[in-house]
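I opened my notebook to look into this structure. Here is what I looked up, entry by entry.

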Amino acid sequence: MNLGEIREDVYDFLQEDPQRNHSLAREVERDIHIGHMKLWGAVGKMQERYFFASSTLNEAADNPDIALPTNLARLLVVQRIAGNGASTTAPQWMRRTRLSGDDLSGGIDAVTVRSGSSPSNYILLGNSKLRLIPTPSGSATASIQIFYVFRPAKMQSDEDEPLQPAAQEAATGSDTLTEFHDIIGLYALERALIKEESQQLGAIKQLRAERLQDLSQFIVDTDSAEPRFVPIPTAEYME
């Protein structure tokens, strides 16, 4: 299903009752967006492979910071693929460093004063930047590859499909969950019916729960190993 089809299903249900508050229809777009994020969170907690992405980042001379992809939800792996003898066929894993209170008391520069051509450690600054340790030298030309869980692009046009990365973002995962896109509409209907305290809310909640169980069984049945869980923050899909 695409956004246009999901929206049509939600509108058709809401308009069956002529007494229904038509102001609900104006909020459908937001309800669908939140439903989209809820489905992403539900799938991610069952199996992260649907949202694998990778990106190659280039170091900058004398600059410890590298910007991360804007759709990054959770960083999985950072590895060197150029410099210090590394290559795409023989990558070198980089280690994450966590700052202590003592480190911070001396300022962030306290851990980046050394200089080297091929940093082997990094600090994750929120979900927006990597800070390399030590700082790349003035002649640095090395490359780093990251693997991560991506946040799907917001659906905006009728043809947009759920759970997809933005067009400019690379992704190695693929969506094969087309038959479960109706769950987004059920989430949206739940929100709409809660607002008007509808007696239909219980039936929609039950149907949504049944469809999520179908989704869970589908993922288990199509995996050769036990599902791996991804701790996607609740804040990602809450108001």
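**Entry: a polar contact**

I began with Asp 65 and Arg 131, whose side chains are joined by a polar contact of 2.6 Å. A polar contact is a pair of N or O atoms within 3.5 Å; within protein, one must be able to donate a hydrogen and the other to accept it, and residues adjacent in sequence count only if both atoms are side-chain atoms. I noted that this is a predicted model, where local features need pLDDT of at least 70, side-chain atom pairs count only at pLDDT 80 or more, and totals for chains, interfaces and linings use all residues. Residues are numbered from 1 along each chain as its sequence is written, and side-chain values use heavy atoms, with hydrogens and water left out.

Asp 65 sits in strand 2 (residues 65-67). Strands (E, at least two residues) and helices (H or I, at least four) are DSSP runs, numbered from the N terminus. Which residues touch Asp 65, leaving aside its neighbours within four places in sequence? I found Leu 125, Lys 129, Leu 130 and Arg 131. Contact here means heavy atoms within 4.5 Å.

**Entry: the whole protein**

I stepped back to the whole protein. It has six helices and 10 strands. Of its 239 residues, 45% are buried. Buried means under 20% relative accessible area, exposed over 50%, and partly exposed in between (1.4 Å probe, protein chains only). I also checked the contacts with a separation of 6 or more: residues 24 or more positions apart account for 71% of them.

**Entry: aromatic pairs**

Next I looked for ring pairs. A pair of aromatic rings is described by the distance of the centres and the angle of the planes. Rings of Phe, Tyr and Trp (its six-membered ring) pair if their centres lie within 6.5 Å; planes under 30 degrees apart count as stacked, over 60 as edge-to-face and the rest as tilted. How many aromatic pairs does this rule give? I got three.

Why is the pair of Trp 40 and Phe 51 edge-to-face? The ring centres are 6.5 Å apart and the planes stand at 70°, so the pair gets that label. Trp 40 lies in helix 3 (residues 28-46) and Phe 51 in the loop between helix 3 and strand 1 (52-58), so the pair ties together parts that are 11 residues apart in sequence. Trp 40 is buried, at a relative accessible area of 0%. Phe 51 is buried too, at 1%.

I then turned to Phe 180 and Phe 218. Their ring centres are 5.4 Å apart and their planes are at 55°, so this pair is tilted. Phe 180 lies in the loop between strand 10 (143-150) and helix 5 (182-195), and Phe 218 in helix 6 (residues 201-222), so the pair ties together parts that are 38 residues apart in sequence. Is Phe 180 buried or exposed? Phe 180 is buried, at 6% relative accessibility. Phe 218 is partly exposed, at 23%.

I also noted a cluster: ring pairs link Trp 40, Phe 51 and Phe 150.

Gln 47 lies in the loop between helix 3 and strand 1. Gln 47 is buried, at 3% relative accessibility. Its side chain reaches the backbone nitrogen of Arg 49 at 3.2 Å. Arg 49 in turn lies over the face of Tyr 50, at 4.3 Å from the ring centre. For this, NZ of Lys or CZ of Arg must be within 6 Å of the ring centre and within 35 degrees of the ring normal.
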